[in-house]
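Reader: Please take me through this structure, beginning with the terms used for accessibility.

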Amino acid sequence: MEIKVVRSVRNENSTFGKMFMNNEFYAYTCEDKVRNLKGDKSKKIYGKTAIDAGRYEVVLSYSEHFKKYLPLLLNVPCFQGIRIHGGNTSEDSLGCILIGANGDLKSCISNCASKVNNLVSILKGVEKKEKTWIEIVEE
């Protein structure tokens, strides 16, 4: 399965975009500010830096923090524990990709729980058949 995040709007602290699954719009996204680390951890500001654009494998795993199964991105340079989960603003992110059913592409996203739960269900259905990948691109 292929997931794609297209980052299209940036402001002082946040990055907003859209998530697509198999080329179909799925959700609005919110992330921290893109700092183009390119492997340089010295540019990273903890809790305020988005992961670099790229392609990452995604697996479902249990999150001790959230106490439920959530998508986890593997082998993300300069980061550990990057997940796809709910949240409304980049303050909820810590580098993770937040998804929601609604978004203004300016300040926040909302109605997150249904999108996250549905994504987990979809991934459970495909994880034994094929790998899941996420590609993050800048528009």
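Author: A residue is called buried under 20% relative accessible area, exposed over 50%, and partly exposed in between, using a 1.4 Å probe and protein chains only. This is a predicted model, in which local features need pLDDT of at least 70 and side-chain atom pairs pLDDT 80 or more, whereas totals for chains, interfaces and linings use all residues. Residues are numbered from 1 along each chain as its sequence is written, and side-chain values use heavy atoms, without hydrogens or water.

Reader: Why does Tyr-69 count as partly exposed?

Author: Tyr-69 counts as partly exposed because its relative accessible area is 45%. Tyr-62 is also partly exposed, at 36%.

Reader: How many aromatic pairs are there?

Author: The whole structure has three aromatic pairs (ring centres of Phe, Tyr or the six-membered ring of Trp within 6.5 Å; planes under 30 degrees apart are stacked, over 60 edge-to-face, the rest tilted). One of them joins Phe-25 to Tyr-28, edge-to-face, with 5.1 Å between centres and 65 degrees between planes. Another, Tyr-62 with Tyr-69, is edge-to-face at 5.5 Å and 70 degrees.

Reader: Which residues do ring pairs link into a cluster?

Author: The cluster consists of Phe-20, Phe-25 and Tyr-28. Within it, Phe-25 is partly exposed, with a relative accessible area of 41%.

Reader: And which ring does the charged end of Lys-44 sit over?

Author: Lys-44 has its charged end over the ring of Phe-79, 4.0 Å from the centre (the criterion is NZ of Lys or CZ of Arg within 6 Å of the ring centre and within 35 degrees of the ring normal). Lys-115 lies over the face of Tyr-26, 4.3 Å from the ring centre.

Reader: Changing topic, what is the volume of the largest pocket?

Author: It is about 330 Å³. A pocket here is an open set of points on a 1 Å grid over the protein atoms alone, with protein on both sides within 12 Å along at least five of seven lines; lining residues have an atom within 4 Å of a point. The volume is the space filled by probe spheres set on the points.

Reader: Where does Trp-133 lie?

Author: Trp-133 lies in strand β10, residues 132–138 (strands are DSSP runs of E, at least two residues, numbered from the N terminus). Trp-133 is partly exposed, at 24% relative accessibility. From Gly-81, Trp-133 is 52 residues away in sequence and 16 Å away in space, C-alpha to C-alpha.

Definitions and conventions
On a 1 Å grid over the protein atoms alone, a cavity is a set of points where a 1.4 Å probe fits but cannot get out, and a pocket is an open set with protein on both sides within 12 Å along at least five of seven lines; lining residues have an atom within 4 Å of a point. Helices (H or I, at least four residues) and strands (E, at least two) are DSSP runs, numbered from the N terminus.
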